[in-house]
Amino acid sequence: MSWELLVDPSLFRLAVTMSVPLVLAGCGELLMERSGLLNVAIEGMVTLGASVAFLAGFATGRTDTALLLAALSGAAVGLVLAAYAVFGRRDQVTVGLALYVLCLGLASLSYRVVVGVRLTPPRVAPLPEVALPGLERLVLVGEVLFRQHALVYAAGALVLLLHLFLFRTAWGLRLRSAGENPAAADAVGIDVAALRLGASVAGGALIGLGGAALPLTLTGTFTEGIAGGRGWIALMLVIFGRWAPHGVLLGALLFAYVEALQFKVALVAKAVPPQFLQMLPYAFAILVLIRAYRGAEAPEALGRPYDREARA
Amino acid sequence: MTSETRGLFRSRAGDLWPYVGGIVLALVVLASFVRAAGGDVAAALGGIVRASFGSAVGLGQTLNKATPLMLGGVAVAVGMRGGVFNIGVDGQIYMGAVLAAGLGLGLVGVPPLVAVPAILCAGVVGGAVWGAAPALLRARYGVSEIFVTVMLNFIALFFVEYLSTGPWNDPLAGEAITRPIAPSAHLPMLLARAGAHAGILLALAAAAAVWALLYRTVLGYEIRAVGDNPTAARLGGVPVERRIAFVLVLSSALAGLAGAIEVAGFHTRLILGLSPGYGVMSILIAVLGRRTVPGAVVGSVFFAVLVVGSDSLQRSAGLPASGVFVLQAAILLFLLAAEGIRRTA
């Protein structure tokens with residue numbers, strides 16, 4: 001096996017494409033966790049976003065409609081989660097797991113209702129490639145980064161904007177304070193409940209978009225297992241990235257690289273059963289987790305419902 | 001009886017109404033599905049009853065379905081009681097099934113008295129080994145067991161795909177199915193005419209044993225103490241990490257047993273679709289049963305009726321199999337909402 005394979009530009013290009021669902025979903029989860037909400041429904045929301053995007057694309061043939069509806073589906077689940085976790089103060093993991101299963105069911109149910117059972121699964125048109133004029137001509141980088149579909153650029157911009165929002169604006173500070181010390185935030189007049197609701201809806205929309213990227217950029221079809229653990233990995237990336245957008249981006253690229261690698265390796269190492277190569281990203285995830293947890297500091301109030309009336 | 005289990009059996013109307021409401025909601029959702037699919041609601045509901053417990057064969061199917069769900073539900077519930085979320089029941093079922101099938105393929109000529117216990121033990125070991133990795137990582141490095149168990153689900157699934165299409169594949173079947181295990185390793189039948197195997201008895205016995213462990217032993221007391229308040233437990237001298245690791249291994253061993261029962265009692269071989277979502281259903285069952293062992297037992301039978309009933313709807317009214325997830329999750333969300341309203345009211 002030649003080692004040049006590992007630094008092949010087409011491999012990097014595929015890794016960047018494959019990182020998009022992880023970046024979008026990871027940033028959505030990050031936004032929610034920074035406000036104090038732990039969302040374990042993320043895998044289901046990614047699957048639902050993928051299903052909605054596929055069905056909208058299949059029915060209308062328009063990718064913009066597909067993206068919009070997928071974002072709306074994620075936002076709707078985020079709204080329900082916030083209704084339970086913020087206003088009902090229910091246990092976030094319990095509600096999240098229930099919503100996870102609900103989303104899985106809704107995703108395949110709606111696919112079955114709209115598409116039915118067919119011998120060959122229908123496909124949607126992929127997002128078109130948009131070359132950025134000028135930049136695409138750059139040596140190596142041009143091919144890897146700037147001859148991509150629009151969601152790649154959107155994901156890059158999102159990381160920057162989310163960072164600026166969280167760490168350079170008053171609203172970002174308020175959001176983080178709701179996640180660190182809601183009682184103190186409340187005392188200075190910050191509406192913790194409204195902030196968490198907003199973060200949940202916006203974060204949910206991003207997670208839905210992350211799901212939409214799967215059929216629209218990678219597979220072209222929808223299957224029940226389309227998310228393949230990417231939602232859980234995005235949840236993990238938030239820890240890996242220390243609750244910072246650039247950390248999520250870095251982790252997403254790393255994972256996408258390992259994910260893309262299996263396809264390249266499969267071409268060379270024909271003797272290895274494909275299932276063992278498919279295990280690679282998941283085994284890698286477990287190894288990375290051990291490091292990710294060392295010294296990780298979550299937002300102080302993460303996962304804890306805030307009760308204004310409670311005595312300190 | 002502890003306060004917790006007493007609370008479950010105390011049938012105050014106020015405690016039960018969210019459950020009644022949840023079942024009514026389930027029926028309404030189901031009826032609207034059937035209507036939307038253009039079916040006859042009354043005939044469909046009658047079909048569910050006949051298919052799940054209104055006939056001998058239906059009852060047998062429900063008991064068979066309740067077996068893995070009961071073991072899975074108890075597995076998740078005992079984990080939650082000890083402060084761990086075992087999301088990896090599916091993977092542990094599969095690894096239990098792998099070891100059971102691997103042993104079962106080679107048990108030709110061994111008398112059932114030896115073969116059946118051996119294959120069940122193999123399942124327990126397979127599940128326990130698959131749960132030992134997240135247990136170790138949680139206890140040693142503080143890594144959340146949620147992620148590790150989920151990742152191991154995928155790894156187990158790919159491994160089963162490899163075995164069932166590769167080295168153990170049955171060339172006559174063609175699909176992702178292995179060769180059959182030795183007939184002497186088959187689980188005995190409980191109700192032969194109804195097609196119910198004896199797995200349900202094993203599941204009930206396992207549930208009783210787990211209940212006794214939790215509420216009748218010092219170890220169980222310590223497990224519950226860790227689940228309620230790890231800091232207080234540590235100050236009280238409980239080795240918190242070791243109890244957490246133990247409860248996760250125990251939980252996955254139960255799931256592994258379910259895998260062995262599916263192989264030895266139902267499929268008589270390892271197949272790729274061995275677990276049609278038992279893992280996620282187990283989570284719902286545990287939450288529905290308020291994280292108690294008796295609650296999970298009752299919940300698993302209820303879910304088995306739902307699964308078998310919606311299988312019949314799949315044939316009669318065209319309701320897809322995934323519809324049952326929506327139904328189950330909707331019931332749970334209704335319960336969570338109803339309890340929230342009751343608490344604040």
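Predicted model: local features only at pLDDT ≥ 70, side-chain atom pairs only at ≥ 80, totals over all residues.
What pattern does chain A follow, read along the sequence? I started my notebook there and found α-α-α-α-β-α-β-α-α-α-α-α-α-α.

**Entry 1: chain A as a whole**

I counted the elements next, and chain A has 12 helices and two strands. Then I looked up the radius of gyration of chain A, which is 20 Å, close to the 20 Å that the globule rule gives for 312 residues, so chain A is as compact as a globular protein of that length. Along its principal axes, the C-alpha trace of chain A spans about 65 × 45 × 40 Å. Of the 312 residues in chain A, 49% are buried. I also checked the contacts in chain A with a separation of 6 or more: 78% of them join residues 24 or more positions apart.

**Entry 2: where the chains meet**

I turned to the interface, where 31 residues of chain A are in contact with 33 residues of chain B. On the side of chain A that touches chain B, α4 (92-115), α10 (230-240) and α12 (274-292) each supply at least two residues. The most comes from α4(A), with 13 residues. Sorted by class, that side of chain A has 22 nonpolar, seven polar and two charged residues.

**Entry 3: one residue of α4(A)**

I picked V95(A), which lies in helix α4 of chain A. Is V95(A) buried or exposed? I found 27 other C-beta atoms within 10 Å, and the cut-off for buried is 20 or more, so V95(A) is buried. Setting aside residues up to four places away in sequence, V95(A) touches L81(A), Y84(A), A85(A) and R90(A), and also L336(B) from the other chain. For a distance check I took V265(A): V95(A) and V265(A) are 170 residues apart in sequence and 40 Å apart in space, C-alpha to C-alpha.

**Entry 4: the nonpolar core**

The largest nonpolar core has 226 residues, and A98(A) and V74(B) have the most contacts inside it. Helix α11 of chain B, residues 240-267, gives the most to this core, with 15 residues.

**Entry 5: a helix of chain B**

Terms used
Residues numbered from 1 in each chain as written. Chains lettered and ligands numbered in written order. Contact = placed C-beta atoms within 7 Å. Helix = DSSP H or I, 4+ residues; strand = E, 2+ residues; numbered from the N terminus. Nonpolar A, V, L, I, M, F, W, Y, C, P; charged D, E, K, R; others polar. Rg over C-alpha atoms; globule rule 2.2 N^0.38 Å. Buried ≥ 20, exposed ≤ 12 C-beta atoms within 10 Å, placed from the backbone. Core = buried A, V, L, I, M, F, W, Y, C linked by C-beta atoms within 7 Å.
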